[in-house]
Amino acid sequence: MNFLRRDFLKTAVIATIIFTLVGCAGQNTKNAKSSKPNIIYILADDLGYGDLGCYGQQRIQTPNLNRMAAEGIRFTKHYAGSTVCAPSRCALMTGLHTGHARIRGNKRVPLRPQDQTLAAYLKQAGYTTGLIGKWGLGESDSTGIPNRQGFDYFFGYLNQQAAHNYYPEYLWENETRIKLPNKVQYRRPDQPGGVSTNKEVYSHDLFVEKAFEFIEDNKSEPFFLYLALTIPHANNEAGKDGMEVPDLGIYKDKDWPEAQKAHAAMISRMDGDMGRIFKQLKDLGLDENTLVMFASDNGPHAEGGNNPAFNHSSGDLRGIKRDLYEGGIRVPFIACWPGTIKPGQTSDHISAFWDVLPTCTDLAGIETPQKIDGISFLPTLLQSSRQKQHASLYWEFHEQGGKQAVRMGRWKAVRLKVSKKSNAPVELYDLDNDPGEQKDIAAEHPDIVKKMITIMKEARTSNEAFKLFPSEE
């Protein structure tokens with residue numbers, strides 16, 4: 001009896017040790033996964049370089065984004081992927097500038113199966129990936145939908161014209177249409193853009209609630225959330241009443257045009273939601289393991305009754321959305337990561353949307369893809385001296401006759417209405433001394449202009465969907 005009891009106790013002790021070791025191993029595995037930082041990338045739509053208080057805005061109130069900048073790092077020379085929506089987002093997702101990217105304009109061209117996205121890379125690294133908001137890189141029946149491009153979860157608009165309307169009849173959740181109580185009058189039967197007649201559910205508010213749910217549901221494992229908001233884009237189909245917002249908030253009694261009150265109210269509404277997201281991260285104990293980035297997809301718009309000059313939306317930069325001058329492509333960019341990014345920093349590192357992908361793969365601890373245009377700016381976030389620099393940045397834009405731009409250090413070249421022989425005049429600016437691009441000095445620096453023209457020729461590949469030169473037809 002004692003022998004049996006002794007054997008039983010011995011077996012129990014061994015079992016307990018094994019159970020404990022297995023349990024610890026499991027716990028360590030979970031901790032190893034959790035050691036990868038969560039990544040939240042928040043993208044505003046048509047927010048200008050000068051629309052935030054931390055970038056010089058005097059009248060539109062953005063206390064939460066100002067605090068994000070104070071507690072993190074604010075970039076002063078960060079560039080969007082393009083000067084309009086779809087190509088800018090394509091550059092963000094693929095790490096390719098518009099000379100190499102699949103999508104180079106606002107045509108409805110989907111990403112292909114071979115187009116590897118940031119979400120796909122992070123998914124391979126063990127991240128749960130979510131997109132909430134505006135996509136614009138593939139319609140419902142195409143290879144470009146988010147769930148076929150690396151996203152585990154999607155809620156929002158597929159079509160960028162449909163995204164003009166803040167009170168849509170439906171949104172997509174993964175590959176299912178979710179009907180909403182809004183009633184919409186469409187501009188044309190064959191176009192998804194329209195205006196609601198009852199305005200019951202505001203899509204932006206739904207996006208924020210879905211973001212809360214995604215963060216809560218994935219708090220125990222590494223996640224990547226791409227929150228692609230539509231504020232402060234206009235509903236172009238609503239004409240001068242296109243700045244759609246449920247209320248004017250603190251701007252109600254301002255002696256401003258109604259569209260300017262609404263534009264400001266949209267930005268402040270978004271700013272308030274940023275504060276709520278930061279609070280949720282802190283309440284869940286995730287703030288010190290989450291990198292949050294905030295940017296805009298291009299410069300400010302002059303649509304829906306909005307006048308970008310009224311509140312100095314481009315700051316001191318020249319141009320707006322659809323321009324390749326600085327006001328059309330230089331955007332606010334803020335990153336915050338408590339305990340890792342030193343607070344109160346301002347960086348003049350020259351970076352662009354195609355740098356986000358390699359930065360995130362660096363964070364995830366996976367190999368950075370070779371055939372991309374981006375350079376990781378993680379060393380800048382971590383205050384490392386090992387930051388690599390771009391030799392040049394390149395943009396092309398497939399509207400208004402075709403445009404090209406190059407930034408090479410202090411120099412910026414812009415070519416409007418690209419010609420068959422590539423001999424359209426090239427404007428040249430010294431951004432160190434003339435950030436507002438007021439003085440074209442091309443005639444004074446023919447050697448620099450020659451280098452810029454060479455880059456414009458060599459920085460691009462042919463693309464069957466977007467033909468910049470007539471010779472490509």
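Biologist: Which residues of H5 meet H6, and what makes this a contact?

Modeller: His-204, Asp-205, Val-208, Glu-209, Phe-212, Ile-215 and Glu-216 in H5 meet Arg-269, Met-270, Asp-273, Arg-276, Ile-277, Gln-280 and Leu-281 in H6; contact means heavy atoms within 4.5 Å. By class, six of these residues are nonpolar, two polar and six charged, where Asp, Glu, Lys and Arg count as charged, Ala, Val, Leu, Ile, Met, Phe, Trp, Tyr, Cys and Pro as nonpolar, and the others, Gly among them, as polar. The model is predicted: local features need pLDDT of at least 70, side-chain atom pairs count only at pLDDT 80 or more, and totals for chains, interfaces and linings use all residues. Residues are numbered from 1 along each chain as its sequence is written, and side-chain values use heavy atoms, leaving out hydrogens and water.

Biologist: Why is H5 called roughly parallel to H6?

Modeller: The axes of H5 (residues 203–217) and H6 (residues 258–283) come within 11 Å and cross at roughly 10°. Angles run from 0 to 180 degrees between N-to-C directions, and those under 35 degrees count as roughly parallel; H5 is therefore roughly parallel to H6.

Biologist: What makes E7 and E13 edge strands?

Modeller: The open, mixed sheet has ten strands in the order E7-E6-E5-E4-E10-E1-E11-E12-E2-E13. Strands pair if DSSP finds at least two bridges between them; E7 (176–179) and E13 (345–347) each have a single partner strand, so one side of each lacks a neighbour in the sheet.

Biologist: How do you know that E4 pairs with E5?

Modeller: Five bridges join these parallel strands, and Leu-131 has Phe-154 in E5 as its bridge partner.

Technical notes
Helices (H or I, at least four residues) and strands (E, at least two) are DSSP runs, numbered from the N terminus. Angles under 35 degrees count as roughly parallel, over 145 as roughly antiparallel, 65 to 115 as roughly perpendicular and the rest as oblique.
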